[in-house]
Amino acid sequence: MIKLTGLTKRYPGRTVTANAVDGLDLDIPEGKLVALLGPSGCGKTTTLRMIAGLERNDSGTIEIDGKVVSDPSRGTFVGTDKRPIGIVFQSYAIWPHMTVLQNVMFPLRVGRPRVSRAAARERALESLDMVGLASFASRPAPDLSGGQQQRVALARALVRRPKVLLLDEPLSNLDKGLRDRMRDQIRSVQQQLGITTVFVTHDQDEALAISDDVVVMNHGTIVEHGLPQEIYTFPRNEFTARFLGISNILGGVVDAVTPDGVVVRVGDSVLTSAKVTGAGKGDAVSVFLRPESFRLSRKEGPWEGTIEFSIYHGDCWDYHVRVGEQLLRVRVYREKVGIAHGDRVFLSPDPETAIVLPQQPAAPGPADSPASSHPVKA
Amino acid sequence: MAALDTPTRQDSAPPPRTDGGRWRRLLNGRYLAMTISAIVVAYLALVPVCTMLYASLQSNFLGVGPSSWTLGNFPKTFTTPGFGTLVANSFVYAAATSVICIAVGFGLAWLVVRTNTPCKSFAQAAALVPMIIPGVLNTIAWSLLLSPGQGPLNHVLRAVGLPVFNVYSLPGMVLVQSMHVVPVAFLMGTAAFSAMDSSLEEAALASGASPVRTFFAVTVRMARPAILSAALLMFIQTISNFEVPQLIGVPGHVYVFVSQIYAALQQFPADYGEVGVIGVFVLVIAAVGLYLSRRVVKGRGIQTITGKAFRAQVQDLGKWRWLGFACVVLFFVVAIVLPLAMLLWSSVLPGYESPSLHALHDFTMSNYSDIFRQPSLVKSLKNSLIISVSAGLVVTLLCAVVSYITVKTKVVGRGLLDGLATVPIAVPSVVMGVGILYFYLVAPLPVHLYGTLAILIVAFVTITMPYAMRYIVPGMAAIKDELEEAATSSGASWLQSFWRIFVPLMMPSLLAAFLYSMIVSFREISAAIFLYSSGSEVVSVQIYDLYRNGTYPVLAALGILMVIVLVILVVLVQLASRAVGIKQRR
């Protein structure tokens, strides 16, 4: 449905090495919701705006519904108003001088084919009904709360029945509870209509929760592209792993390569990971451990440490455990009665969920920086 | 990476469609509107300036004999005895006026917009009313009120044992001019304070800053760009104003640039070289000032109208609000009631007499009926109306498109366009009038504008353009890009989104610009006095003629009538603005 080939956007006055979007290739199948996930400045919003035609790409092509809408090499550029799209912006962009209904009717009244006022009204009300706001139709738009305004924006984006729905961080202006509800609503409406959707976000939880496919971006290129569960469970890239908030990163050395997987030595402990590519015996690797990938015990385990800090979340506890010079974040889902600050504990890492990647020069993303990547000294 | 591995299947893609050729793209509404506006602005801005520059570099501009290029006018003018005093007078006059106007105008604006000072709508109207008293009338009224011998205010001063205030002096000029320009500062202050997000002030209060501290550390600091650009406008308006230097300065032998230019034009043969040189001198001063204010304001243009609901919170002044109220009332009395009362008094007496109960025995309405007995006066009222409404409409539409170009696009040369639209600020109205007049007399154009109302409309569009831009640009900048993008992505063409999104959202700024341009065109004399001809007289010119002939009573009656017409226009526009304003959350 959407096909981007060699998509490139230069920042004016900068060299080619600092492209906002740098030779991006992406194919988004019909009816799918694809999340563009990455830190700010990674080019995800620029990509979305180029799909919308709000920015012009310097090279590469954009195809929507089998039709090339932008190809600078041929001088092809279809204006935003001629593309079959609907957009929801981060700031809602609800026109404050109109009522809710007028906002939603607008696309039908200005676009082609022109829809009669009565029919436009009916369709706008249908669209508002879909987001549960039909009863607010006659209100002045600024009277609504932020979440309601964003739902109006969604109704407005969909009322023309576009081929493509573009969502530019639609949830980041909303507060927590509202964000989850709005996210679920976007997903349900999207699936109900089967509309091809691009969802730009910097929030990995959002991206994982809502999308069919996640595209992780950094420095204007695609770092990784895959199913949410793949990306989450086995990121194939250090940037992705860091960006997905895997907070414990340890240095290790490959001990042996066996048919079962790769045996990695981390401190005094040995892990066997089935999913390591391109690492031979003696290679330095990074081992990524999620907070929930540890077993915490008072009696035994390969790593010994002290509790420095604990946070109660209701369904779980987060502990910061000092092991040598390293501070590990550990999450435990059953309440460990009697574990207190300063207590001596033992940690066993779970080899099943450990992610082992060949060591790369650190490329910290602007949005997240894990506490430390020094190897454990235990 | 999955996508990277997917081979691109060229065969499945349909042949790319080229959506219109280059020419068709250039012929759409957006490019057309932008191109035409840019050309019109360049034309309007450059004609008077170039005529003036040309005149300053000609040995015998518009003279009988041959003329050649020369630089001689510059040393000749600069070494004229008294040139130093002329410069000093002009600077003191304009600078003192700007400082007073900023303090009073922004102070009032803050009281009205950001505090709970009582009678807000009254204050808003009161601060607007001086705008509709034409400069000529204001100047004449004050010269009557404060004349050293006869002035009623000086009678009061004498009665309480204070020295008499001689209006025919530099302080007198500053006082009278301030009364005239404060409303402009007030309007700019109102715009600045209304656009300010009050949560910034609330944050300062919550940080433990006292309200006074907050006012100076946050409110004033945020208003600083607006204050600077307003101060600059005051300065330039004052330096190019005609009536105060002419009617008050000249009798007191205080000469400033404008009165010197006028004198140079009045002598025979007129010294166009000197006019050009002083004009260029003022142009340079204004250009430097603009450059400096631009540097300070740069990068401070904050987008404030977002898609989110937005409202300005008012500050509770407690019992101090009555002091604020007193300030507003004092200003109202001084700036409006006194001169209007003076005019009203003069208009109902057969000849000028000091206010007293005894003089009321001569009460008459004959001055008013005299106006309608003179067809030329009635015609001048009609002419003024046509000119002011047309000029207001043209300039508002023009500036709306131009501000779109300069604020919302990345078109090459938009900075130049913005500069061009600002150029007329630096051209004293007198020079503007002469420049336009001689251009249209001399230039080989297919249509002869001289002797028509059109030449006056051209002049007033040019004069008011920079000010209209000052109203419209912040309004344009305040509209978040996403509001237009949402329209475009809804399938709206540029003209549709301009008409249905920008125009309604900017309606307050557009109306302010229209109102201002219309009022200036209705009341201004400085340019009109050179451009009218028999049949195209305007009211302000008629008033000046009556003043020179000493027919004060009819002058006063015509002035009152002029004020009434302006009041009606202003009320109409205000009502219109109330009907279309943004629906705010209450």
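**Entry 1: two helices in chain B**

I began with the contact list between H5(B) and H11(B) in this predicted model. On the H5(B) side I noted B:Ser90, B:Tyr93, B:Ala94, B:Ala95, B:Thr97, B:Ser98, B:Cys101, B:Ile102 and B:Phe106. They meet B:Ala223, B:Ile227, B:Ala230, B:Ala231, B:Met234, B:Phe235, B:Thr238 and B:Ile239 in H11(B). I sorted these contact residues by type: 13 are nonpolar, four are polar and none is charged.

Next I looked up the geometry. Two packed helices are described by the angle and the distance between their axes. H5 covers residues 83-114 of chain B, and H11 covers residues 211-240 of chain B. I found that their axes come within 8 Å and cross at roughly 140°. Angles over 145 degrees would count as roughly antiparallel, so I wrote down H5(B) and H11(B) as oblique to each other. The crossing of H5(B) past H11(B) is right-handed.

**Entry 2**

I then turned to S17 (residues 303-312) and S18 (residues 317-323) of chain A. They pair in the antiparallel sense over six bridges. I saw a hairpin here, with four residues between the strands. In its turn, A:Gly314 has a positive phi of about 95°.

S18(A) also pairs with S19 (residues 326-332) of chain A, again antiparallel, over seven bridges. This pair forms a hairpin too, with two residues between the strands. I noted A:Gly324 in that turn, with a positive phi of about 60°.

Which residues stand opposite A:Arg322 in these pairings? I found A:Thr306 opposite A:Arg322 of S18(A). On the S19(A) strand, A:Leu327 stands opposite A:Arg322.

Notes
Residues are numbered from 1 along each chain as its sequence is written. Chains are lettered from A and ligands numbered from 1 in the order in which they are written. This is a predicted model: local features need pLDDT of at least 70, side-chain atom pairs count only at pLDDT 80 or more; totals for chains, interfaces and linings use all residues. Axes are lines fitted to C-alpha atoms, for helices over the stretch in contact, and angles run from 0 to 180 degrees between N-to-C directions. Angles under 35 degrees count as roughly parallel, over 145 as roughly antiparallel, 65 to 115 as roughly perpendicular and the rest as oblique. A crossing is left-handed if the near helix is turned anticlockwise from the far one by less than a right angle, and right-handed if clockwise. Two residues are in contact if their C-beta atoms, placed from the backbone, lie within 7 Å. Ala, Val, Leu, Ile, Met, Phe, Trp, Tyr, Cys and Pro count as nonpolar, Asp, Glu, Lys and Arg as charged, and the others, Gly among them, as polar. Two strands pair if DSSP finds at least two bridges between them.
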